[in-house]
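This report goes through a protein model in running text.

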Amino acid sequence: MPNASMKKKVRCVRNMKKKVLLMGKSGSGKTSMRSIIFANYIARDTRRLGTTIDVEHSHVRFLGNLVLNLWDCGGQDTFMENYFTSQRDNIFRNVEVLIYVFDVESRELEKDMHYYQSCLEAILQNSPEAKIFCLVHKMDLVQEDQRDLIFKEREEDLRRLSRPLECSCFRTSIWDETLYKAWSSIVYQLIPNVQQLEMNLRNFAEIIEADEVLLFERATFLVISHYQCKEQRDAHRFEKISNIIKQFKLSCSKLAASFQSMEVRNSNFAAFIDIFTSNTYVMVVMSDPSIRPPAQGWYCPIELCPPTSISNQEKAPSACPLANLVEAFSKPSNIN
């Protein structure tokens with residue numbers, strides 16, 4: 001019979017919980033971005049959200065058995081002071097990721113930086129291996145010709161203040177695709193065996209001779225992996241696609257319809273978006289616009305994904321064997 005330690009290990013493999021701190025001054029936009037990414041809000045609906053009181057806990061299931069234990073920390077001065085004193089150990093222990101949000105138009109920048117440094121000191125003491133992300137938020141409020149300069153200056157200041165820790169900085173706004181770029185990068189750092197996942201995706205792309213393949217998490221539509229063998233002009237296409245498809249999915253749900261797949265084609269390419277596994281969508285881009293998707297759809301066998309990041313529940317009798325995918329794209333007779 002399995003002993004207690006074996007049972008504990010099995011539970012850890014089945015549900016890998018990652019603690020994520022979301023911090024920043026009150027009104028910086030933390031809860032709005034969380035609601036857009038994880039709760040299917042659209043940007044204009046976030047105006048209805050109230051102020052976060054103390055800490056709001058939420059558990060977000062991601063890729064089946066990866067659970068994001070998200071701590072959305074209210075940013076009022078009283079709460080912030082408590083985080084660094086009476087709640088210090090509870091807040092900053094066992095943190096995998098710290099996301100600190102700065103309002104780019106804040107009139108209390110010096111206080112913002114002070115609180116950020118206090119967070120870093122607590123992280124260094126309690127969770128020295130945590131990854132640090134700084135989001136310079138509400139960039140839509142800055143004149144377009146000033147955005148690059150302002151962000152670069154803020155990024156340099158934050159990197160300097162973060163030493164000896166390293167931080168990754170992103171400019172964000174709830175009104176465009178920058179929010180998806182930032183959160184895709186954050187979640188990417190939390191996915192176990194991501195190199196194995198990328199290798200499997202590359203093998204898949206080469207077998208079907210695709211120009212590019214993107215893998216999205218099904219609920220959030222964040223990009224979790226991609227492979228390209230042909231240069232593309234738009235460096236921001238991933239987050240743009242995430243934003244567009246997420247908005248389209250929400251529009252479908254308001255009409256009591258469900259989004260499953262999409263085809264886009266012109267004289268230069270064909271692109272297919274479809275369910276890949278029970279927790280992911282795939283986008284396949286091919287240069288031949290006459291090509292058609294396999295009749296069975298793109299549903300993929302579990303073996304293409306790393307076992308520790310995708311749960312065994314994804315196995316399904318209707319899963320399309322890889323051989324069928326190869327056959328569908330290699331025999332002209334199978335293309336209508």
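A residue is called buried when its relative accessible area is under 20%, exposed when that area is over 50%, and partly exposed in between (1.4 Å probe, protein chains only). The model is predicted, so local features need pLDDT of at least 70 and side-chain atom pairs count only at pLDDT 80 or more, while totals for chains, interfaces and linings use all residues. Residues are numbered from 1 along each chain as its sequence is written, and side-chain values use heavy atoms, with hydrogens and water left out.

**Salt bridges**

A salt bridge is a side-chain nitrogen of Lys or Arg within 4 Å of a carboxyl oxygen of Asp or Glu. Under this rule the model has 12 salt bridges. Helices (H or I, at least four residues) and strands (E, at least two) are DSSP runs, numbered from the N terminus.

| Pair | N to O distance |
|---|---|
| Arginine 34 and glutamate 56 | 2.9 Å |
| Arginine 171 and aspartate 148 | 2.6 Å |
| Glutamate 206 and arginine 202 | 3.1 Å |

Arginine 34 forms a salt bridge with glutamate 56. Because arginine 34 lies in helix α2 (residues 30–38) and glutamate 56 in strand β2 (residues 55–62), this pair ties together parts that are 22 residues apart in sequence. Arginine 34 is buried, at 14% relative accessible area, and glutamate 56 is partly exposed, at 33%.

Arginine 171 meets aspartate 148 in a salt bridge. Arginine 171 belongs to strand β6 (residues 167–171) and aspartate 148 to helix α6 (residues 147–162), so the pair ties together parts that are 23 residues apart in sequence. Arginine 171 is partly exposed, at 28%, and aspartate 148 is exposed, at 53%.

Glutamate 206 and arginine 202 both sit in helix α8 (residues 194–208), four residues apart, about one turn of the helix. Glutamate 206 is partly exposed, with a relative accessible area of 42%, and arginine 202 is partly exposed as well, at 43%.

**Strands around β10**

Eight of the eight residues of strand β10 (residues 270–277) are buried. Two strands pair if DSSP finds at least two bridges between them. Strand β9 (residues 262–265) pairs with β10 in the antiparallel sense over four bridges, and a hairpin of four residues joins them. Valine 264 has alanine 271 in β10 as its bridge partner. On β10's pairing with strand β11 (residues 280–286), the sense is again antiparallel, over seven bridges. A hairpin of two residues joins β10 to β11, and alanine 270 is bridged to methionine 286 in β11.

**The largest pocket**

On a 1 Å grid over the protein atoms alone, a pocket is an open set of points with protein on both sides within 12 Å along at least five of seven lines, and lining residues have an atom within 4 Å of a point. Grid points are joined across faces, edges and corners, and a volume is the space filled by probe spheres set on the points. The largest pocket has a volume of about 620 Å³. Its lining has 22 residues, of which Gln232, Arg237, Phe269, Met283 and Val285 lie nearest the centre. The elements β7 (212–217), α9 (237–254), β9, β10 and β11 each supply at least two lining residues, and α9 gives the largest share, five residues.

Notes
1 Å grid on protein atoms, 1.4 Å probe; cavity = no way out; pocket = protein on both sides within 12 Å on 5 of 7 lines; lining within 4 Å.
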